[in-house]
Amino acid sequence: MLIFHGSPVQGALFDMDGTMFDTERLRFQTLKQASQELIGQAFSDEYLMQCLGLSATTAEQLAKAQYGAEVPYKTIRQRADELELELVRNEGVPIKKGLVQVLERLRKSGLRMAVATSSRRAIAEEYLINANVYKFFDVLVCGDEVERGKPHPEIFEKAAEKLNLETTKCLMFEDSENGICSAHAAGGMTILLKDIKAPNEHMLSKANFYFETMYDCLEDLDQYVSAMEMPILQESFPQTVNQLTVGIHGFGAIGGGYIAQILSHWDGYTRPQRIIASTRNSLYREAVNAFGTYCIRYGQVSYDERIEYMSVIDADNEQHMLDMYMESSLIALCLPEHAIATEAKIIAKGLYARFASQTMQNTRPLTVLIILNKVGAKKLVVSHIREQLIALSNVEIADQIMTQHYFCDTVVNRMVSKLSEQNLYRQLKIKYNFFKQHQSDAEDENVEIEDTAKLSTEQEHQASLYIDDMRRNFQPSHILQTMDLILFNSETDMPIYVENNSPLLIKMRQMILVDNIADIQLIKNRLWNGVHAMMSWYASLVGHETIGVAMGDARVQSLVEHLIQEVRQGLAAYLPTRAKDLERLAKSFVESCQYAYKDPCQRVARDPLRKLNHNERVMGSIANNLHFDQPIDSLLWGASLGYFYAMKMFNISLEDINEHLQSNIALFDLTSAQKQKIELKIQQHLDQLQENPTCLKQFKSFALPQDTQSSYA
């Protein structure tokens, strides 16, 4: 049962043409084509609008009045039927956007459901099956099965009777005057949906609820349908696909290994019919498109999750990128910070094309998720996009476009790593050998993989041959369908924090909507990103390859424990109302690190000087702790490790290191004495590391007193 606007509902009865399907526009098209063929003149829009809701007899009389008594109306109508059926069979039934979501919500609310249509059963069944919505309905009552058609209530009464329900307990969906009068006379809770022609006062008087679009109906219904809880990792994705297309701008670790999974779970009722992702990596693009799917591996629970309905486009193909922005309802920007300025150009072009298009079916606002590992990410992204929009048009149009859409900051709570090209090549070669063996036309071949990150020219060529051969031979139920392609290794954290700034996100299963995303961004930046960077610098310097392996080292564990302790103390003083978030994120971080056996330390340790800027993850924690008189000894050691890592791995001179350190400390809002002591302590650590690098490996643990006050206050 569903309680809708305070009334108990047990059933839902749907008209078909014009209500569920956009067949009125299709009918206009075929009648115009048929009349052009048979009388050399297409029926006018004015005449066709006048025919809406009229019986065939009345429509014929009107045709004779406008086009002459000899007009072969019945022959034109018959030819239009043929054309319509041909179009439906070739191109599918034009479904009203939002229909599938509405049907799935009603069904999962426990309602019994029926179709009550004036169309003949043969036509109705073909349309319902073609549109893949027949599965939602228990009963089908058609125009050739009742004695009195609409506006008589018989068809709705008969549908309710077959469902063993009272008409007063049924929602009745209609779009026409005859239909809404029929539903009203049957005593149902009537829902009127606008089709081509706006409803008149008489129609509105018979409707309990009126919606301009099916999406408007969906948004209203959503208030009375429960939101599904956070999914568990191994829970299957929704089987029903809706009519939405979503995009991932950047098919990297987070885009392909996390956001794709979130979009596939969607709201639990349905999932998008298509996910478009962009990348410049041709090997990954061709591999995913050839297999039609790929997998995310969760090593912690030995589970491979298959992502489907995915197509990957070339990020350098401007038309494909514009199409993604035109067609999508939601796009996740999964881009590194350094790429924002250049990628803003194509984003702006996509938004401008969306604004300028007069034929675009999806006129609803675009929701843009900003997946950027940075505090204040939205301000940076929006600024760059607006700047590019101004270059394309002017300030007024740029601001108009920006206000049309929803830009939402996020905080990602999961560690994901992307397989190297060599690992992907290994998979392709092994699967290709398996594939050829399955065909029984290839000899066994040993697989030897060079231990390098990039592919040679010969390997790139060979990988393309593997993909092409498998693509040509791919068939349903083929052996390739069981040969999952693993592209990402991921940890198991499910939620993503998202700024509560778009109505589309309210029902999303894995999204925790927050009004002040800046707090969560700050916690993630300092507690996750900062500690992650410092531990990776240390782990790399002592010779560990991955985070998971490093966490088995007591020295690394001790450093992480002390860093988390100090950062938590400072954040707890600054954000006293976020105690639960601090506890949850700290626990999640440690667990993720312990199982991150595929996450390279060097990936996390990259770009150390940027991470050591005054307002970034490490120095930001030092300044915050000093402000609230909290300990900073471990943080200073961590910052020193970052500078030493920059010197060892990137050959940055001590002179440049000191210049970077001094210029950033100068920006701190601290006393001169505090600044001098911080600079001195880090320089002492660096001197020690340079003079005796073996102290890194001799280091056992931090024997720091608990809850001590900082000596730098």
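How many Å² does the accessible surface of the chain come to, and what share of it belongs to carbon and sulfur atoms? The accessible surface is about 31300 Å², with 47% belonging to carbon and sulfur atoms; such areas come from the Shrake-Rupley method with a 1.4 Å probe.

This is a predicted model, in which local features need pLDDT of at least 70 and side-chain atom pairs count only at pLDDT 80 or more, while totals for chains, interfaces and linings use all residues. Residues are numbered from 1 along each chain as its sequence is written, and side-chain values use heavy atoms, leaving out hydrogens and water.

**The chain as a whole**

Along the principal axes, the C-alpha atoms fill a box of roughly 105 × 65 × 55 Å. The chain has 713 residues, and 54% of them count as buried (under 20% relative accessible area, 1.4 Å probe, protein chains only). Its secondary structure comes to 29 helices and 20 strands, which are DSSP runs (helices H or I, at least four residues; strands E, at least two) numbered from the N terminus.

**A pair of helices**

Let us look at α14 and α15. Their axes lie 8 Å apart and meet at an angle of about 55°.

| Helix | Residue range | Residues in the contact |
|---|---|---|
| α14 | residues 340-356 | I340, A341, A344, K345, I347, A348, K349, L351, Y352 |
| α15 | residues 377-392 | V381, H384, I385, Q388, L389, L392 |

By class, this contact of α14 with α15 has 11 nonpolar, 2 polar and 2 charged residues.

Notes:
Axes are lines fitted to C-alpha atoms, for helices over the stretch in contact, and angles run from 0 to 180 degrees between N-to-C directions. Contact means heavy atoms within 4.5 Å. Ala, Val, Leu, Ile, Met, Phe, Trp, Tyr, Cys and Pro count as nonpolar, Asp, Glu, Lys and Arg as charged, and the others, Gly among them, as polar. Buried means under 20% relative accessible area, exposed over 50%, partly exposed in between (1.4 Å probe, protein chains only).
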